[in-house]
Amino acid sequence: MIRLARPDEVATIQRIEAEAAKRFWGLGLIDHALGDVTPAEDLLAAIADDRVWVLTVDDVPVGYAAATAEDGFGYLQEMDVLPEFGRRGFGRQLVEHVCRWARGIGYDSLLLTTFRNVPWNGPFYERLGFEPVERSEWTPAMAHICRHEKDEMRLPWDARAFYRKRLDVSSS
Ligand SMILES: CC(C)(COP(=O)(O)OP(=O)(O)OC[C@H]1O[C@@H](n2cnc3c(N)ncnc32)[C@H](O)[C@@H]1OP(=O)(O)O)[C@@H](O)C(=O)NCCC(=O)NCCS
């Protein structure tokens, strides 16, 4: 089941994020930032804005997604599933849920940033209908997201890319 997250679930969500990040151990991509999680105040603001969802099993959150409404597109900001609940289709369900949210507020595309060559990143999203976005297509909002990831989150952008899924607004 997927539902909106509650403010009292912030610590649980941060734990899911930290546990999920352990999949990256040893890949040399985010080893320096493995303990980093989304700050509680950012999560609380997004929860208050109805932009954070948890996927629950027996009413316990085991995965979550957070999105933002950008200038011209919905943006899947973060998505994590506990490793012990991975590869059961929960990530796909969360992505589909966020696609419905973006469509519901009138966006014709959902974007995200991810590592191109990590199996559960670029190739996973491509299987869900996302395509890499050429740098020549970037909007100012996308350039801002890239700068934030480079400067604040210290992510190696040479290994990352924007991906976009076109949404059928007429079917929402
Ligand atoms: C991305 C993530 C949320 C997907 O969650 P999930 O519940 O496992 O997703 P699904 O079960 O719907 O699909 C997983 C797919 O990822 C790929 N994948 C995952 N782990 C993999 C591995 N070790 N080797 C190869 N492919 C893998 C496969 O395509 C897999 O589908 P399959 O099981 O049918 O082969 C989860 O892997 C995660 O939390 N990763 C760490 C954080 C992260 O990378 N977040 C996304 C940032 S953009």
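I began with the terms: helices (H or I, at least four residues) and strands (E, at least two) are DSSP runs, numbered from the N terminus. Residues are numbered from 1 along each chain as its sequence is written. I noted that this is a predicted model, in which local features need pLDDT of at least 70 and side-chain atom pairs count only at pLDDT 80 or more, while totals for chains, interfaces and linings use all residues.

**Entry: overall make-up**

I looked up the elements and found 5 helices and 7 strands in the protein. From the N terminus on, I wrote them down as β-α-α-β-β-β-α-β-α-β-α-β.

Next I took the overall dimensions. Along the principal axes, the C-alpha atoms fill a box of roughly 40 × 40 × 30 Å. The radius of gyration is taken over C-alpha atoms, and the globule rule is 2.2 Å times the number of residues to the power 0.38. For 172 residues, a compact globule would have a radius of gyration near 16 Å, and the 15 Å of the protein agrees with that.

For contacts I used this rule: two residues are in contact if their C-beta atoms, placed from the backbone, lie within 7 Å. Among contacts between residues at least 6 apart in sequence, 67% join residues at least 24 apart.

For burial, I counted C-beta atoms placed from the backbone: a residue is buried if 20 or more others lie within 10 Å of its own, exposed if 12 or fewer, and partly exposed in between. Buried residues make up 31% of the 172 residues.

**Entry: the sheet**

In what order do the 7 strands of the open sheet lie? I read the order as 1-2-3-4-5-7-6, with mixed pairing. Two strands pair if DSSP finds at least two bridges between them. The edge strands, each pairing on one side only, are strand 1 (2-4) and strand 6 (131-132).

I then checked what packs on the sheet. Helix 1 (residues 10-21) does, touching strand 3 (60-69) and strand 4 (74-81). The direction of helix 1 makes about 95° with that of strand 3; axes here are lines fitted to C-alpha atoms, for helices over the stretch in contact, and angles run from 0 to 180 degrees between N-to-C directions.

Strands of a sheet pair through backbone hydrogen bonds, either parallel or antiparallel. I found 7 bridges between strand 3 and strand 4, in the antiparallel sense. Ala-69 has Gly-74 in strand 4 as its bridge partner. The hairpin of these two strands has 4 residues between them, and Gly-72 there takes a positive phi near 100°.

Strand 4 runs parallel to strand 5, joined to it by 2 bridges. Gly-74 stands opposite Leu-110 in strand 5. I also noted that 8 of the 8 residues of strand 4 are buried.

**Entry: strand 7 and its neighbours**

Glu-131 stands opposite Arg-164, and Pro-132 stands opposite Tyr-163. Towards strand 5 there are 7 bridges, also antiparallel. Phe-115 has Arg-160 of strand 7 as its partner. Strand 7 is mostly covered, with 5 of its 7 residues buried.

**Entry: loop residues**

Most residues other than glycine have a negative phi, and most peptide bonds are trans. I looked for exceptions in phi. Arg-87, in the loop between strand 4 and helix 3, has a positive phi of about 60°. Arg-154, in the loop between helix 5 (140-151) and strand 7, also has a positive phi of about 60°.

Why does Arg-154 count as exposed? It has 11 other C-beta atoms within 10 Å. Arg-87 is exposed too, because it has 9.

Glu-84 lies in the loop between strand 4 and helix 3. Glu-84 counts as exposed because it has 8 C-beta neighbours inside 10 Å.

**Entry: around the ligand**

Which residues come nearest to the ligand? Of the 20 around it, I listed Ala-20, Gly-91, Arg-92, Pro-119 and Trp-120; a residue is near a molecule or strand if its C-beta atom, placed from the backbone, lies within 6 Å of it. Helix 1, strand 4, helix 3 (90-104), strand 5 (109-115) and helix 4 (122-127) each supply at least two residues of the shell.
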